[in-house]
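Good morning, colleagues. I would ask you to keep the sequence and the model in view while I speak.

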Amino acid sequence: MPAAVRGSVCAMALAVTTVLATSPTAWADIVPGGKGTGSETQVDGNKGDQSVSATAGAVVFDRSRNGSGASVGPVAAATNWTPPACYYAPKYSPEQLQKVKEPVWEAESTGYQWDAAQRDRYVNGKPYKDFNKEKAGEGYWWDSYVPPGREGDPGALDCNKETFWVDTGDDPPADIPQAITPEVLAQLAYAEIRVPTTEVELRPAEATKVNLPTWAWLDATDFKPVSVTASVPLLEVEATTTATPVSVKIDPGTADAETYPASGVCEAANGRIGEPYANGKADETPPCGVKYLRSSGDGSYQLKATVTWKIHWTGTGVAGEQPLPDGDFGGEQDVVVQEIQAVNR
């Protein structure tokens, strides 16, 4: 196929995928062989609650134990690692692949040479014959998927191998690293993790004072482990990715400040990060907090609190917890600092 034509075909397919992924009426079958063609990027949440489950192609996501609410967001890996922007999974039965391929060949828009090579591959026994119809019910044609929202990612172009056949019960080819396995499912689930925006509790709350230690802590009810499970029911494989808050880093928003501890990193302990202020602790050093050395004047400082989430996964056929890169997610809040040297609390 000429490069320009191939690019047009890919662009058209991408546009269709985007529309289907965003359309609330695009309810398709989860697995090949149903009413859909198997080529849709499928989005389904039991049509009632998107937090319960959703599908992206052959992969089903269970988000019922994920973070929820208006102030949640995705974690960013602490390294330059990112979850895969494409993957391979079952997409077509023999009959479905025939319905997809033959209209393209008949249109004669992709060039004789390309069409002939395709017919040889899928029909003429080089290596497959008659779309593998003799194996109908014994396996599926696998093809690439791009998770919704990742269509413009350069990594989405990495899954460029021809559609290939995998018998039921067999592992996908070892030379295709993006083929669905429990580990790839775990990485896809990583991208679906949502955690609360970080706004720490501060005491004093309304405004703090110059040279006065300000206590900081996180609400334990918000900062608890969250998880997402990704599965391919057709293959009976799944993986659950879990994120657990382990620390918060306090950035006061100005160099004229000191943090507690000096590193600014407050570790989780006893199910919480930091310690709530209580009456009688005015002369104590907070285990987590900040002391401003200069007034914010008529404005405020932008304190940023970034929570680090330790992330691991468990899955089909895997013994024990497997690590994934830590993830960070933070938020900013205004802190007013007044020029008062001493107060009674």
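First, the basis of what follows. This is a predicted model, in which local features need pLDDT of at least 70, side-chain atom pairs count only at pLDDT 80 or more, and totals for chains, interfaces and linings use all residues. Residues are numbered from 1 along each chain as its sequence is written, and side-chain values use heavy atoms, with hydrogens and water left out.

The protein chain contains 4 helices and 20 strands; these are DSSP runs numbered from the N terminus, helices being H or I of at least four residues and strands E of at least two. Of the 345 residues, 45% are buried. Buried here means under 20% relative accessible area, exposed means over 50%, and partly exposed lies in between, with a 1.4 Å probe and protein chains only. The chain has an accessible surface of about 17500 Å², and carbon and sulfur atoms account for 50% of that; the areas come from the Shrake-Rupley method with a 1.4 Å probe, and for residues only the protein chains shown count as cover. A contact means heavy atoms within 4.5 Å. Of the contacts between residues at least 6 apart in sequence, 71% join residues at least 24 apart.

What covers the faces of strand 17, residues 289–292, or are they open? Both faces are covered, with Gly289 and Lys291 buried on one side and Val290 and Tyr292 buried on the other. Strand 11 (residues 214–217) runs antiparallel to strand 17 and is joined to it by 2 bridges, with Thr214 opposite Val290. Strand 14 (residues 257–260) pairs with strand 17 over 4 bridges, also in the antiparallel sense, and Tyr260 faces Gly289 there.

A second open sheet has 3 strands in the order 5-6-7, again with antiparallel pairing. Strand 5 (87–92) and strand 7 (164–167) are at its edges with a single partner strand each, so one side of each is left without a neighbour in the sheet. Strands 6 and 7 pair over 4 bridges, and Trp141 has Trp165 in strand 7 as its bridge partner. Helix 2 packs on this sheet, touching strand 5, strand 6 and strand 7, and its direction makes about 95° with that of strand 5.

Helix 3, residues 112–122, has Trp114, Asp115, Gln118 and Tyr122 buried. They lie on the same side of helix 3 because they cover an arc of only 95° around the axis, the arc being that of the directions from the helix axis to the C-beta atoms. These buried residues pack against helix 2 (94–107) and strand 6 (139–145). On the face turned away, Tyr112 and Gln113 are exposed.

Now the interior. A nonpolar core is a set of buried Ala, Val, Leu, Ile, Met, Phe, Trp, Tyr and Cys residues joined through side-chain atoms within 4.5 Å. The largest such core has 69 residues, and those with the most contacts inside it are Val59, Ile180 and Val248. Strand 18 (residues 301–315) gives the largest share of this core, 7 residues. Ile311 lies in strand 18 and is buried, with a relative accessible area of 1%. Its C-alpha atom is 4.4 Å from that of Ala243, 68 residues away along the chain.

Finally, the backbone. Most residues other than glycine have a negative phi, and most peptide bonds are trans. The bond from Lys126 to Pro127 is cis, with omega near 15°, and Pro127 lies in the loop between helix 3 and strand 6. Asn132, placed in the loop between helix 3 and strand 6, has a positive phi near 65° and is buried at 8% relative accessible area.

Key: Pairing = 2+ DSSP bridges. Axes fitted to C-alpha atoms, helices over the stretch in contact; angles between N-to-C directions.
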